[in-house]
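Biologist: I'd like to learn how to read helix packing and cores in a protein model. Can you walk me through one?

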Amino acid sequence: MESRVVDYFKLRYLLFSRQAFVSILVNQPVEAWQKLKVATCFTVSAKQVEEEVGEGTLAHANDSTEVFRRWGCTDNDIAQIFARGPSLRRSDLNQLQNKLHLLQGLGITSPDLVKIINCRPRFLKCRINNNFHERIEFFLKMFETKEVLVKAIVRNPSLLTYDFHNRVKPVISQYEEMGLTKKDLILMLISRPTLIPRSSFNDEKMEYIQKTGLSQGDRMFKYFVTIIGISRLETIRQKVANLEKFGFTEDETFALLGRSPLILTLSVDKVQRNMTFILCTLKLPAKVILNYPFLLYFNLEAVLKPRVLLSRKMEEMGLHLQIEGHSMLRALRMTEKRFLKKFVYSQPKDVADELMQFYQSAKGIKRLADTSRKKCPWGFPF
């Protein structure tokens, strides 16, 4: 033992982290240690090393369960990890320990690891050590703090597995050239995990961006650019054509998308159903969407239809506080709690109970033939 720890401090200085040192100490044979030795004036005892790395760490683990437990995972964490990634039970223990030490050096904890495995079951089977130090240095300069970097990795673990030189750096540079600031990129990488692997731009996409009239300083610019970047051209064309079908001109369509880019994340079916409800049930002109785009976002069965039905019920009952005209649009935009407080709980108790029972029944009405309709797997939604 004494011969293997002569150069302890020197090795700790050269290696990435304390965990990397422990990994070598546990797993590497004596021959490898001879190659790592360098001249140094520092010597420590075996007892000091054991105090540093912890009692029992130097012993070889028998299985992956023991590796995870020593790393800091609870039995519940381990059960969740194996439930999502059963193949981890048969992992190479040396490789698994090395990868876990790298993650621990970043500040990733056992709850974070559970989230990562739940998101990417094969994450620990991937080669996360490719360009690892260069990759982390690049991301630390970008995210500025390790805490934000860890948040981004937990949100999208593949940040550690994407091709660093041929994918990560070119995509980040492309968005920076288009005018996204570092702060914008951080927000977009966290909110849109598929930004790096799915981003692509061509002349047609750049034309769409120009048609909105958005500039680099506009608040919605980053949202529209990143949604266009990760969307398929065919899908963009379909969604633009779907809006124009309701009577919007090209200028009105792109002005709407510039003010509310998330409309591009809605399916064609959802937009059609909500627009049909607005035109046929609310009897409002289609262009009301230009001023009230939230009408496209709300769930038809859970929000829009129950509230409209409740307003008609209140009208039938002749209540003094009714929902009509512009107050209807305000009522549709309210949170559930505020809506009920203003229009239901403000009534006498017996009336409020009747209205609440009607409202709950209206919310329980499912879409016609919803259980039997075909599910069309379109893949990526944009």
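This is a predicted model: local features need pLDDT of at least 70, side-chain atom pairs count only at pLDDT 80 or more; totals for chains, interfaces and linings use all residues.

Biologist: Which residues of helix α12 are buried?

Modeller: In helix α12 (residues 182-191), they are Asp 184, Leu 185, Ile 186, Met 188, Leu 189 and Ile 190.

Biologist: And how do I describe two packed helices?

Modeller: You give the angle between their axes and the distance between the axes. Take helix α14 (residues 203-212) and helix α17 (residues 250-259): their axes come within 8 Å and cross at roughly 90 degrees. Angles of 65 to 115 degrees count as roughly perpendicular, so α14 and α17 are roughly perpendicular to each other.

Biologist: Which residues meet there?

Modeller: Tyr 208, Lys 211 and Thr 212 from α14 meet Glu 250, Phe 254 and Gly 258 from α17. Sorted by type, the residues of this contact are two nonpolar, two polar and two charged.

Biologist: Now the cores. Which residues touch the most other members of the largest nonpolar core?

Modeller: That core has 90 residues, and Phe 68, Leu 113 and Leu 124 touch the most other members. Helix α15 (residues 221-230) gives the most to this core, six residues. Apart from this core lies another one of 14 residues, including Met 314, Leu 319, Leu 340 and Leu 355.

Biologist: What is Leu 113 in contact with, leaving aside its neighbours within four places in sequence?

Modeller: Leu 113 is in contact with Phe 68, Trp 71, Cys 73, Ile 81, Leu 100, Leu 103, Ile 108 and Leu 124, once those neighbours are left aside.

How values were computed: Residues are numbered from 1 along each chain as its sequence is written. Side-chain values use heavy atoms; hydrogens and water are left out. A nonpolar core is a set of buried Ala, Val, Leu, Ile, Met, Phe, Trp, Tyr and Cys residues joined through side-chain atoms within 4.5 Å. Buried means under 20% relative accessible area, exposed over 50%, partly exposed in between (1.4 Å probe, protein chains only). Helices (H or I, at least four residues) and strands (E, at least two) are DSSP runs, numbered from the N terminus. Contact means heavy atoms within 4.5 Å. Axes are lines fitted to C-alpha atoms, for helices over the stretch in contact, and angles run from 0 to 180 degrees between N-to-C directions. Angles under 35 degrees count as roughly parallel, over 145 as roughly antiparallel, 65 to 115 as roughly perpendicular and the rest as oblique. Ala, Val, Leu, Ile, Met, Phe, Trp, Tyr, Cys and Pro count as nonpolar, Asp, Glu, Lys and Arg as charged, and the others, Gly among them, as polar.
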